[in-house]
Amino acid sequence: MKLTLRSVIIAIVTSCLLWTGYLVAQPPDYHPQVLAGVAYFRQRVDDQLPLVEDLLAALKTGDLSKAKMAYVDARPPYEEIEVYAGSFEQEDTDIDARPYAIDGGENSPEFKGFHKIEAFIYRDEDLAAAIPYAEELIDSIQSLKTKLKDINHFNAPLNFDGMLSLATEVPAKKISSEEETWSDQSLLIFKHNWIGIHSQFKPYKKVLDQDIVDEVEAAYQACMKTIEPYFTPGKVAATPYSSINAKQRGAIVKASYDYRDALLKAKDALKMPDPA
Ligand SMILES: [Cu+2]
């Protein structure tokens, strides 16, 4: 092919225009927001570690009610951090997977973490059997801590994808009480899933229009309002989920979908792409 000067100039000008257009079309990467969100989870993983160590110690006492209390106390931090589960899939499986997510379910050696321990405490009342799993859970939390130190695992599209997925998972799936089948602490899970989502949304407030901020904030508060009657100030544990009737569950479902819809509006306003 013979390249004339003219065609070379046309090619250069065209690619410059395309490049400029590409730059203009790129949304911001929201790096300060991502940093702020991850900073909160680094703090929460530091909260998580001693709670899991306490759980191990409680299992070793052989006292069932102590073990139950330590289990419940140990649940909140990870239920917030899991907004970013897609950034540490192995740790998420090791820490928090339920049997359905694993081939072979409960019988698989892959099934471990909180829900393995939950069944040993609440269903089997076999604390000794739970001890090696609590030891392994401490290692998994350490590994999670390492992952959270590397900001390269995290970005804004993953952040929003995680918020939206969890705001959907609560009403679409967790509402069945499948997560805390044995401990009956689903309300505690909903609460900390929402707190975790909102911790990640907060840094985006300063780059959003006030009406969208207000809408997301109101939707979050409405979620928290639906579960408020089931908590006692100063106590981690919630009322047993099995005591909540269909109408009360319905209110939780509606509030979480409304929250999701508001977050979706924020995502559009931020021109946030889906994760690559
Ligand atoms: Cu979870």
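## The overall picture

The secondary structure of this protein chain comes to eleven helices and zero strands. Keep in mind as you look around that this is a predicted model. Reading from the N terminus, the elements run α-α-α-α-α-α-α-α-α-α-α.

How big a box do the C-alpha atoms fill? Taken along the principal axes, the box is roughly 85 × 40 × 30 Å. The chain has 276 residues, and 39% of them are buried. Now look at contacts between residues with a separation of 6 or more: 77% of these join residues 24 or more positions apart.

Helix 2 covers residues 31-61, which is 31 residues in total. From its first C-alpha to its last, helix 2 reaches 46 Å, close to the 45 Å expected at 1.5 Å a residue. Just after helix 2 comes Gly62, with a positive phi of about 80 degrees.

Next, turn to the largest nonpolar core, which has 64 residues. Which members touch the most other members? They are Leu55, Ala134, Met163 and Leu263. Helix 2 gives the most to this core, with nine residues. You can follow Ala134 as an example: leaving aside residues up to four places away in sequence, Ala134 touches Val52, Leu55, Leu56, Leu59 and Ile117.

## Where helix 3 meets helix 6

Two packed helices are described by the angle between their axes and the distance between the axes. Helix 3 spans residues 64-74 and helix 6 spans residues 114-123. Their axes come within 10 Å and cross at roughly 150 degrees, and the crossing is left-handed.

Which residues make this meeting? From helix 3 come Ala67, Lys68 and Tyr71, while helix 6 brings Ile117, Glu118, Ile121 and Tyr122. Sorted by class, the contact has five nonpolar residues, two charged ones and no polar ones.

Helix 3 also has a buried side to explore. Its buried residues include Ala67, Ala70, Tyr71, Val72 and Ala74. What covers the buried residues of helix 3 includes helix 2, helix 6, helix 7 (127-149) and helix 9 (186-201).

## Helix 8 and its neighbours

Helix 8 has 17 residues. From first C-alpha to last, helix 8 reaches 24 Å, close to the 24 Å expected at 1.5 Å a residue.

The buried residues of helix 8 are Ala156, Asn159, Phe160, Gly162, Met163, Leu164, Leu166, Ala167, Val170 and Pro171. What do they pack against? The answer is helix 2, helix 9 and helix 11 (246-269).

Asp96 is found in helix 5, which runs over residues 89-96. Is Asp96 buried or exposed? Asp96 counts as buried because it has 22 C-beta neighbours inside 10 Å, and the cut-off for being buried is 20 or more. Not counting residues up to four places away in sequence, Asp96 touches Tyr78, Glu82, Gly113, Phe114 and His115. Asp96 and Ala57 are 39 residues apart along the chain, and their C-alpha atoms are separated by 20 Å.

Glu135 lies in helix 7. Glu135 is partly exposed because 13 other C-beta atoms lie within 10 Å, a count that falls between the limits of 12 or fewer for exposed and 20 or more for buried. Glu135 and Glu53 are 82 residues apart in sequence, and their C-alpha atoms are 8.2 Å apart in space.

## Positive phi in the loops

Gly62 was a glycine with a positive phi, but other residues can be found with positive values too. Glu125 has a phi near 50 degrees, a positive value in a residue other than glycine. Where is Glu125? Its place is in the loop between helix 6 and helix 7. Glu125 is exposed because 11 other C-beta atoms lie within 10 Å, and 12 or fewer counts as exposed.

Asp184 is not a glycine, although its phi is positive at about 65 degrees. To find Asp184, look in the loop between helix 8 (156-172) and helix 9. Asp184 is partly exposed, with 17 other C-beta atoms within 10 Å.

Note on methods
Residues are numbered from 1 along each chain as its sequence is written. This is a predicted model: local features need pLDDT of at least 70, side-chain atom pairs count only at pLDDT 80 or more; totals for chains, interfaces and linings use all residues. Axes are lines fitted to C-alpha atoms, for helices over the stretch in contact, and angles run from 0 to 180 degrees between N-to-C directions. Helices (H or I, at least four residues) and strands (E, at least two) are DSSP runs, numbered from the N terminus. A crossing is left-handed if the near helix is turned anticlockwise from the far one by less than a right angle, and right-handed if clockwise. Two residues are in contact if their C-beta atoms, placed from the backbone, lie within 7 Å. Ala, Val, Leu, Ile, Met, Phe, Trp, Tyr, Cys and Pro count as nonpolar, Asp, Glu, Lys and Arg as charged, and the others, Gly among them, as polar. The expected span of a helix is 1.5 Å times one less than its number of residues. A nonpolar core is a set of buried Ala, Val, Leu, Ile, Met, Phe, Trp, Tyr and Cys residues joined through C-beta atoms within 7 Å.
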